[in-house]
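Please read it with the coordinates open.

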Amino acid sequence: MAYSDKVLQHYENPRNVGSFDKNEQGVATGMVGAPACGDVMKLQIKVNTDGVIEDARFKTYGCGSAIASSSLVTEWIKGKTLDEAMTIRNTEIAEELALPPVKIHCSILAEDAIKAAIEDYRSKYDGQSLLSAKANNE
Amino acid sequence: MEQKAVNLPIYLDYSATTPVDPRVAEKMVPYLTEFFGNPASRSHAYGWTAEKAVENARNEVAALVKCDSREIIWTSGATESNNLAIKGAAHFHKGKGRHLITQKTEHKAVLDTMRELEREGYEVTYLDVEKNGLVSLDVFRAALRSDTILASIMMVNNEIGVIQPIAELGEICRTKGVLFHVDAAQATGKVNIDLQLMQVDLMSFSAHKTYGPKGIGALYVRRKPRVRLEGQMHGGGHERGLRSGTLATHQIVGMGEAFRLAREEMNSENERIRYLRDRLLDGLTQIEETYVNGDLVKRVPHNINISFNFVEGESLIMAIKELAVSSGSACTSASLEPSYVLRALGRNDELAHSSIRFSIGRFTTEAEIDFAIDLIRKKINRLREMSPLWEMFKDGVDLDKVQWAAH
Amino acid sequence: MIYFDYNATTPVDEAVFEAMSPFFCQIYGNASSLHQSGRRARAALDEARHKVAMVFNVHPKQVVFTSGGTESNNLALKGLSALLPASQLIVSPIEHASVRVPAHELAWAGWKLLMPRVNEAGLVDLEDLERMLKQKSGLISVMLANNETGVLQPVSEIARLGKKFGAFVHTDAVQAFGKISVDFNSLGVDALSIAGHKIYGPKGVGALIVREGIDLMPVLTGGSQERGLRAGTENVAAIVGFAEASKLAVENLSLTNRLGEYRDQLENGVLALGGQIFGKGSPRVANTSYFAFEGIDGPKLASRLNDFGFCVATGSACSSGKTEPSSVLGAMGISESLARGAIRVSFGKQNIKSDVEKLLSVMTQCLLTMGMDTACI
């Protein structure tokens with residue numbers, strides 16, 4: 001399997017590896033894939049009171065392309081609003097990393113991870129804006 | 001202690017293929033340029049010289065496995081030997097029956113050939129193996145039928161290195177009047193093969209797994225009791241009509257010399273390789289959550305196949321690119337399927353995905369093994385730090401109970 | 001020893017040997033392995049395939065590497081016939097055994113095997129072949145150059161007929177390649193066999209060139225090598241050597257002019273000694289001369305010549321272990337007694353002009369001691 005330079009860069013120096021405490025305020029987690037399929041991605045986002053993703057972390061069990069795809073999306077979603085992050089498409093990921101056809105599923109998984117994290121955020125904080133949560137805390 | 005310098009990448013894939021031993025190459029070269037005659041040329045000295053070299057090599061191959069040199073047929077490699085043995089016997093004996101037996105962990109060359117025969121109307125039983133990769137004698141015995149014509153069981157598995165009980169299986173087959181074929185491509189130079197003692201009717205050999213050249217192999221065809229086959233490669237009637245085609249003298253000479261060296265050096269070499277294997281095994285099993293695939297005792301010392309739990313195989317291969325190793329067998333690793341051999345052992349897909357085959361050989365050094373252990377430890381740590389499965393495992397989550405999103 | 005049996009096999013060219021040599025002990029990986037060692041082998045294999053494709057003016061994926069000419073011919077006949085329901089198989093009676101025997105195998109399996117006539121100059125009778133084709137279509141296999149006589153067969157005409165009647169056409173070009181220019185597309189065949197050791201390449205390697213769009217049925221199963229058409233670990237060293245030899249074969253085609261002169265010089269001598277030359281009136285490859293002297297046993301003459309250090313053949317190398325006279329000559333209508341005297345001289349790269357003179361003079365002596373009528377000399 002020949003990997004592109006960008007995949008290799010992300011694989012050698014993955015950005016934002018790690019975990020947030022999933023109970024921390026504003027943190028949501030998306031976990032997609034299955035061990036049996038050879039890839040599992042965990043993507044965590046930390047959303048600030050303005051609804052902007054201010055930080056992200058990932059852990060990935062999978063091939064180099066899966067690791068690179070998740071590393072790349074953590075960079076891309078930082079600073080984006082949830083709605084903006086929702087617009088990221090797997091084709092953009094695949095293109096950026098020059099993924100070969102057999103590795104397209106890695107980019108799909110990364111897109112799914114973003115969606116899963118946002119979904120988790122929305123269900124967790126459903127009906128309760130962060131601002132009021134903040135007020136409650138005070 | 002200062003670590004000795006090693007040349008990178010380190011080749012630990014001797015089960016995929018071996019380099020030609022320089023001593024073998026030296027013997028081959030004159031037959032390319034100087035003694036280049038066609039061994040089938042009967043009218044002049046060039047032909048006779050080549051023929052003599054071919055017959056010397058045949059004697060060397062026969063000597064390694066203790067058979068009569070007239071029982072050795074040259075082929076282009078073990079794949080062709082397997083094709084010839086299985087199709088050749090099935091076609092010749094189809095009047096007697098149309099049932100064959102093999103096991104699920106055979107090499108593709110056997111499995112695909114069996115599938116081919118199924119398309120022709122034969123019936124094939126693919127035996128399950130035990131968790132340790134060995135075929136059970138009882139399971140084998142139970143599969144034999146009155147219309148069974150041939151059973152094919154490999155001697156040493158290419159992926160996990162386990163040694164099948166060939167002598168016992170041969171006895172069962174002989175009592176039942178079933179032909180017994182053994183793919184010994186991975187066995188020569190690693191285990192003792194004595195065809196005087198073992199009741200094997202057909203045995204496949206390859207040169208390039210035993211420090212000989214690629215593109216040459218042989219099939220042992222027993223003379224007493226005589227085993228009849230239908231040739232598969234038709235033409236000039238070379239090799240007693242069983243395999244036509246100009247004999248590649250230099251390759252045959254190479255195989256002969258490789259097998260001669262194997263005969264002479266096998267015992268001391270195995271000792272050295274066992275020491276290296278033990279060192280590697282010791283170093284790697286100290287890593288948490290590692291599983292050795294295949295029986296720990298009944299295996300060749302050259303192979304160790306380990307699954308590293310919670311780490312994905314392809315990313316691991318990528319992480320240890322200083323090591324030339326393979327995940328699954330070389331022939332199937334271009335696909336993303338987990339190894340069918342490991343699946344047959346009952347390993348779950350994750351463990352099958354994260355398996356690495358290390359195969360040690362004649363030119364492996366202790367410094368290389370130490371380098372490999374050190375590198376793998378570091379990389380496994382790094383990948384596990386990145387693995388959500390490892391994190392969950394450490395948090396005490398039972399991964400088998402997790403509902404994974406369908407993908 | 002002076003070697004005059006280049007149709008049986010050739011020495012490996014120095015440049016070919018140089019190209020092969022790193023692939024024994026240094027670049028030894030299995031081309032199916034994904035690591036660096038495997039990828040280097042794979043890259044060499046790709047380059048070799050490309051080289052052979054260039055030589056035949058085809059796409060690399062049309063090149064299927066095999067273990068040699070015999071396997072290529074087996075693959076062609078079995079692989080092409082498997083694509084059709086059993087029908088008619090037209091194979092010339094002068095084909096190499098590696099075509100004739102698989103043809104008989106197919107006949108056993110229900111194919112109707114027909115053999116067109118061959119004239120006494122060694123040429124396949126086109127009209128007879130067309131007559132057969134008109135009855136029924138199927139598969140045709142006719143060699144490009146005969147290994148014994150060197151006679152060139154009208155393969156492009158046969159391919160045209162094949163196309164007209166909807167039959168697959170295979171040609172065994174093992175003996176033609178390197179001796180005449182061979183262009184796959186202008187020949188118009190569906191499959192073409194070649195072998196390494198006839199063109200100063202190594203033994204144990206060959207190829208089948210297959211027309212695009214034909215999805216051949218494999219003969220050797222058990223691995224996805226050669227796009228599933230030929231299982232087995234690729235013999236990288238031999239394939240690299242074969243590709244280099246193929247390239248050189250085309251570059252060195254002009255060598256045949258020189259060999260043609262030797263051949264003519266020899267044949268003048270043979271005729272002067274009262275010999276008969278087979279296929280002389282037909283288009284032939286330049287290096288081959290096939291002749292006999294009435295009443296002189298071919299194997300005996302060859303053996304005498306060998307004692308004097310001259311290596312010639314008595315028939316095709318593969319069947320010369322048997323004592324039957326050449327079936328090629330039989331098909332040409334040559335009497336059995338004359339056929340028993342057949343001697344094949346095939347020239348090659350290392351022959352020089354004086355070799356021919358030496359051969360003629362020694363042959364004259366041998367014939368005399370073997371009791372040939374001296375009046376002829």
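1. Start inside chain C. Glu267(C) and Arg284(C) form a side-chain salt bridge, with N and O 2.8 Å apart. The term covers a side-chain nitrogen of Lys or Arg within 4 Å of a carboxyl oxygen of Asp or Glu. The pair joins distant parts of the chain, 17 residues apart. Glu267(C) lies in helix H10 (residues 255–272) of chain C, and Arg284(C) in the loop between strand E9 (276–277) and strand E10 (288–292) of chain C. Helices (H or I, at least four residues) and strands (E, at least two) are DSSP runs, numbered from the N terminus.

2. Is this pair buried or exposed? Glu267(C) is buried, at 0% relative accessible area. Arg284(C) is buried as well, at 13%. Buried means under 20% relative accessible area, exposed over 50%, and partly exposed in between (1.4 Å probe, protein chains only).

3. Conventions. The model is predicted: local features need pLDDT of at least 70, side-chain atom pairs count only at pLDDT 80 or more, and totals for chains, interfaces and linings use all residues. Residues are numbered from 1 along each chain as its sequence is written, chains are lettered from A and ligands numbered from 1 in the order in which they are written, and side-chain values use heavy atoms, with hydrogens and water left out.

4. Salt bridges elsewhere. The whole structure holds 55 salt bridges over all chains. Lys321(B) pairs with Glu12(A), the closest N and O atoms being 3.4 Å apart. That pair crosses between chains. Lys321(B) sits in the loop between helix H9 (313–319) and strand E11 (323–324) of chain B, and Glu12(A) in helix H1 (residues 5–12) of chain A. Lys321(B) is exposed, at 53% relative accessibility. Glu12(A) is partly exposed, at 34%.

5. A bridge within chain B. Lys394(B) and Glu288(B) meet in a salt bridge (2.9 Å, N to O). The two residues are 106 residues apart: Lys394(B) is in helix H13 (residues 388–394) of chain B, Glu288(B) in the loop between H8 and strand E9 (290–292) of chain B. Lys394(B) is partly exposed, at 46% relative accessibility. Glu288(B) is partly exposed too, at 40%.

6. A network in chain B. Salt bridges link Asp21(B), Arg23(B), Glu265(B), Glu269(B) and Arg362(B).

7. The interface of chains B and C. How many residues of each chain are in contact with the other? The count is 61 residues of chain B and 61 of chain C, with contact meaning heavy atoms within 4.5 Å. The two chains bury about 4700 Å² between them, 61% of it on carbon and sulfur atoms. Buried area is the accessible area (1.4 Å probe) that two parts lose on being put together, summed over both. On the chain B side, Phe36(B), Lys214(B) and His234(B) lose the most area to chain C, together 15% of what that side buries.

8. Polar content of that interface. Between chain B and chain C there are 0 salt bridges. The rule does find 25 residue pairs in polar contact, both residues at pLDDT 80 or more. A polar contact is a pair of N or O atoms within 3.5 Å; within protein, one must be able to donate a hydrogen and the other to accept it, and residues adjacent in sequence count only if both atoms are side-chain atoms. H5(B) gives the most to the side of chain B that touches chain C, with 5 residues.

9. Aromatic pairs. Rings of Phe, Tyr and Trp (its six-membered ring) pair if their centres lie within 6.5 Å; planes under 30 degrees apart are stacked, over 60 edge-to-face, the rest tilted. Tyr11(B) and Tyr14(B) are edge-to-face, with centres 5.1 Å apart and planes at 75°. Tyr11(B) is buried at 7% relative accessibility, and Tyr14(B) at 6%. Tyr3(C) and Tyr6(C) are edge-to-face, with centres 5.0 Å apart and planes at 75°. Both Tyr3(C) and Tyr6(C) are buried. One aromatic cluster is made up of Tyr11(B), Tyr14(B), Tyr211(B), Phe363(B) and Tyr28(C).

10. A buried serine. Ser246(C) lies in helix H9 (residues 236–251) of chain C. Its relative accessibility is 0%, so Ser246(C) counts as buried. Leaving aside neighbours within four places in sequence, Ser246(C) is in contact with Val52(C), Val55(C), Phe177(C) and Ile199(C).
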